[in-house]
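User: Could you walk me through a model with me, starting with the aromatic contacts?

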Amino acid sequence: MRAGIVTLVVAYVLSQFYRAFLAVMAPVLNADIGATPEDLSRASGLWFLVFAAMQIPVGWLLDNVGPKKTSSILFGIGAAGGAALFAVAQGPGTVNLAMALIGIGCSPVLMANYFTFARVFEPRVFGTLAGVVLGTGTFGNVVASYPMAWAVETMGWRETMWGLAAISLLIALVMAVLVKDPPPFEHEPGAKKGSVLTLLAIPALWFIIPIQIVNYAPAAGLRGLWAGPYLEDVFGLTSNGIGIVTLVMALAMIAGNFLYGPADRLFGTRKWVIFFGNGLAALSLFGLWLFPDNSVVTTTLLLSAVGLFGASFPLIMAHARAFFPPHLAGAGVTLINLMGIGGVSLFQFASGGIFAATKEGAASAAAPYQSLFLFFGIPLLIGLAIYLFSTDRTD
């Protein structure tokens, strides 16, 4: 089972890569096939939208088919096929279709790991395990920064995408061999199977879901898309410069995942670690709003702070996991993931409109991006206000 978990983590590294690589490709895609930042915002939004929409069927598949077939088949068809389609794109429309297909392929890999943890390991270590997997997977953000920029400039973006298609297909084949399904859950006599509606009827989750919707959106939106155009328009950076800044942000996101994972056991609370961590992420966003063109160093530090303090996804998942019935583990983790990724999707789609609306007649190159920082920061504060009334639970 360990070899299968490692393989799923490798697939998740690629999943993180695919959600973030458009930022460094923005200049070359604009020059080559006319894809504007607004076009790439839609493409990125489609990845997250399709990924989110897949979470409910993925939850059912995990509970009824198992992670082995679910992850290997979807990843092989979606991730490999989508990367190949991207490689032959002649315009933004094909990029949209390719990103949607890649979103389908990436949708089960993290949840397959979380499903296995929920079935096999004790609940008290779920947050730590989730943080390790998420932190390791976030190395995909590192590869999607400077290394991706180097590959595009050295080999060309089409050749790079063909290489990614081949790697994705190979990983899918390895998953089909090494991933093992955990033992089926034995229902207690008279226990009902239940569904997503059973989970939504749990009052405690309604105070956790809002922070999950807004928590990941700022880091994902800035690292995965807007950092590239922002650094190019405001500071005049090229792909290499953008790659370096986004690399630093990616490393901060990795550190955040590893720090948040065991924090509940270290401090004896999940709620307040999540609350204060996301409060610092919100302050970082308002710092970017106040000082949008101060310097590359200041901007890099603030972007990295957004990534570091906004990496509480595994701890939020662990907080919600404490309220799931054991036999709905698959449906539960995918429901919470749906809320997080669905939130990113909505913000990505809307951010393109915000940018376009504020770009016309803007007083400076930084002004449209200031609007984006507010657009990400204010909902995070609202989510924190609702989360304040949640029930702390660490078992």
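Predicted model: local features only at pLDDT ≥ 70, side-chain atom pairs only at ≥ 80, totals over all residues.

User: How many aromatic pairs does the structure hold?

Analyst: There are 19 aromatic pairs, a pair being rings of Phe, Tyr or Trp (its six-membered ring) with centres within 6.5 Å, called stacked if the planes are under 30 degrees apart, edge-to-face if over 60 and tilted for the rest. One of them joins Y230 and F235 edge-to-face, at 6.0 Å centre to centre and 70 degrees between the planes.

User: And how are F347 and F375 arranged?

Analyst: F347 and F375 form a tilted pair, 5.1 Å centre to centre with 50 degrees between the planes. Because F347 belongs to helix α20 (residues 329-359) and F375 to helix α21 (residues 367-387), the pair ties together parts 28 residues apart in sequence; helices here are DSSP runs (H or I, at least four residues), numbered from the N terminus.

User: Buried or exposed, those two?

Analyst: Both F347 and F375 are buried, meaning under 20% relative accessible area with a 1.4 Å probe, protein chains only.

User: Switching topic, what follows α2?

Analyst: G34 follows α2, and its phi is positive, near 75 degrees. The buried residues of α2 include L22, M25, L29 and I33.

Definitions and conventions
Residues numbered from 1 in each chain as written. Heavy atoms only, no water. Buried < 20%, exposed > 50% of the residue type's maximum accessible area, 1.4 Å probe, protein only. Helix = DSSP H or I, 4+ residues; strand = E, 2+ residues; numbered from the N terminus.
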